[in-house]
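Please keep the sequence and the model in view while reading.

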Amino acid sequence: MYTLDIPAADAAANQRSVLIVGGGTFGTTTAYFLAQKGYKSVKVLDRWAPPALEAAGNDLNKVIRTDYPDPLYATLGAEAMKEWKNPNGLLSGLFTQSGWILAGDKSSHVFVEKVNETAKKIGTELNKLATPAEIQKRFPYLNGTQEGWISYTNFSAGWADSGAALKRMADAAQAAGVEWITGHDGFVKQLLYDENSTCIGVRAASGKAHFADLVILSTGAAAGTLLDFKGQLVVKGHTVCHIKLSPEDHKKYADMPMINHLDGGLMFPPTADGIIKIASCNFFTNYEGTDVSLPRYRSDNPTDDVPKPYADIFRKFTQDICSDLANRPWDSTRICWDGETLDFHFLITPHPTHRNLKIATGGSAHGFKFFPVLGKYIVDMIEDKLDPETAFKWRWRPDVEPSKTEINPFITPIYDLSRVPGWARTRKESKL
């Protein structure tokens with residue numbers, strides 16, 4: 001009842017032992033699909049038990065949509081959407097179909113318009129470009145100015161309880177025989193190689209070595225602590241704030257859609273317990289005097305808060321949507337870190353020089369929506385069965401530059417935390 005119909009791997013393939021380094025979105029979906037294909041020796045290593053504490057996917061909620069300019073992700077999103085909506089599926093009950101409004105202004109409208117074109121081509125339901133007046137007529141409480149907004153609506157989209165989804169799929173993988181190793185034994189500090197540069201395993205913070213026939217690196221924002229990505233992966237953070245509603249306000253905003261302005265941020269409808277999440281579309285790096293940006297996790301830096309310039313953007317964005325919420329106190333805050341590629345395509349590929357090392361990372365702030373099905377494609381990569389067009393987009397590509405044919409959804413300036421007052425810190429250890 002709670003599994004997908006997946007062809008089994010050939011006998012030789014599923015006898016191989018596999019280490020998955022990182023138990024976030026990419027690692028968990030990979031573990032689940034390997035188990036479904038009959039792999040008998042699969043271990044996931046992470047500092048934290050599922051759902052991994054600092055994984056980008058371990059959040060209050062994430063957007064679930066099919067709207068992309070690129071048909072690859074629009075089609076993959078439609079496949080994932082079927083599983084999110086499947087009443088008998090593994091993730092049943094975790095998706096809420098609230099609809100969403102994707103907006104941009106004069107600097108980002110090209111992305112919005114291209115999304116609309118692709119949606120029409122693949123037959124996405126219930127989509128149209130909408131004016132601020134049309135939006136406010138349907139949702140009167142969205143009483144901000146929305147000045148200059150060009151908006152696209154899709155009321156088949158929604159959001160998922162992402163932390164619960166990670167936990168549920170991890171539980172299913174473990175029930176199918178996958179072993180999760182956590183704590184210092186699962187906190188991987190080093191990849192191990194033999195004299196031929198073949199990856200043979202990992203060494204954990206405890207000093208314990210783990211060996212396997214295949215090693216899959218799926219550590220998201222922390223991937224750069226273990227491997228040189230040759231500039232392909234830039235770790236970026238974005239801020240998240242929560243507003244706690246009163247019971248009366250909860251009723252008022254109960255039918256609110258998600259609202260994503262590509263320059264301002266993303267506002268979610270209230271959860272069952274009355275929490276509205278607001279996430280920033282203004283990203284920042286964390287180089288701190290090095291040549292690699294790495295995550296600065298709250299669990300290692302408990303006094304960190306949202307940088308004030310980004311909090312100010314939140315307030316302005318909220319004012320433009322719904323003035324009644326603009327000055328509400330934050331119930332909680334978070335900085336979410338992810339590894340972003342230059343062209344926003346994932347890195348799902350064999351390593352070019354280290355045999356038996358496979359890469360599954362580069363979520364680029366849009367990977368979670370594919371969670372129900374993405375592991376199937378990662379397993380295809382592992383077994384050299386990924387279709388050539390997809391494999392090309394997800395290949396190892398250190399020479400890639402942002403293509404003029406790729407449409408960047410996020411065009412606001414990116415600053416380093418070292419330029420934000422109060423953020424000149426000494427780097428601490430990063431985690432999986």
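## Helix α5

How many residues does helix α5 have, and what distance does α5 reach from its first C-alpha to its last? Helix α5 (residues 162–175) has 14 residues and reaches 20 Å, close to the 20 Å expected at 1.5 Å a residue; the expected span is 1.5 Å times one less than the number of residues. Helices (H or I, at least four residues) and strands (E, at least two) are DSSP runs, numbered from the N terminus.

The buried residues of α5 are S162, G163, A165, L166, M169, A170, A172 and A173; buried means under 20% relative accessible area, exposed over 50% and partly exposed in between, with a 1.4 Å probe and protein chains only. These buried residues pack against several elements, including α1 (25–36), α2 (71–85) and α8 (371–382). After α5 comes G177, whose phi is positive, near 115°.

## Basis of the model

This is a predicted model, in which local features need pLDDT of at least 70 and side-chain atom pairs count only at pLDDT 80 or more, while totals for chains, interfaces and linings use all residues. Residues are numbered from 1 along each chain as its sequence is written, and side-chain values use heavy atoms, with hydrogens and water left out.

## Nonpolar cores

The largest nonpolar core has 50 residues, of which L34, W84, L374 and W394 touch the most other members. A nonpolar core is a set of buried Ala, Val, Leu, Ile, Met, Phe, Trp, Tyr and Cys residues joined through side-chain atoms within 4.5 Å. Among the elements that give two or more residues to this core are α1, α2, α5 and α8, and α8 gives the most, with 8 residues. Apart from this core lies another, of 35 residues, among them I101, F155, V235 and I259.

Contact means heavy atoms within 4.5 Å. Not counting residues up to four places away in sequence, W84 touches I64, L91, F95, A160, A165, F368, K369, F371 and P372.

## Strands and hairpins

Two strands pair if DSSP finds at least two bridges between them. An open sheet is formed by 3 strands in the order β3-β8-β4, with antiparallel pairing. Strands β3 and β4 (95–96) stand at the edges, each with a single partner strand, so one side of each is left without a neighbour in the sheet. Between β3 and β8 there are 3 bridges, and I64 has G158 as its bridge partner in β8.

Strand β5 (residues 100–104) runs antiparallel to β7, joined by 5 bridges; G104 is partnered by I150 in β7. Because 4 of the 5 residues of β7 (residues 150–154) are buried, this strand is largely enclosed by the rest of the structure.

Strands β10 (residues 188–193) and β11 (residues 199–204) pair in the antiparallel sense over 5 bridges, one of which places R203 of β11 as the partner of Q190. Their hairpin has 5 residues between the strands, and S197 in the turn has a positive phi of about 70°. β11 also pairs with β12 (residues 209–211) in the antiparallel sense, over 3 bridges, and V202 stands opposite H210. In this second hairpin, with 4 residues between the strands, G207 takes a positive phi near 95°.

## Residue R334

R334 lies in strand β19 (residues 332–341) and counts as buried because its relative accessibility is 16%. The side chain of R334 reaches the backbone oxygen of N58 at 3.2 Å. Not counting residues up to four places away in sequence, R334 touches residues including L53, E54, N58, D59, H238 and R298.

Notes. A polar contact is a pair of N or O atoms within 3.5 Å; within protein, one must be able to donate a hydrogen and the other to accept it, and residues adjacent in sequence count only if both atoms are side-chain atoms.
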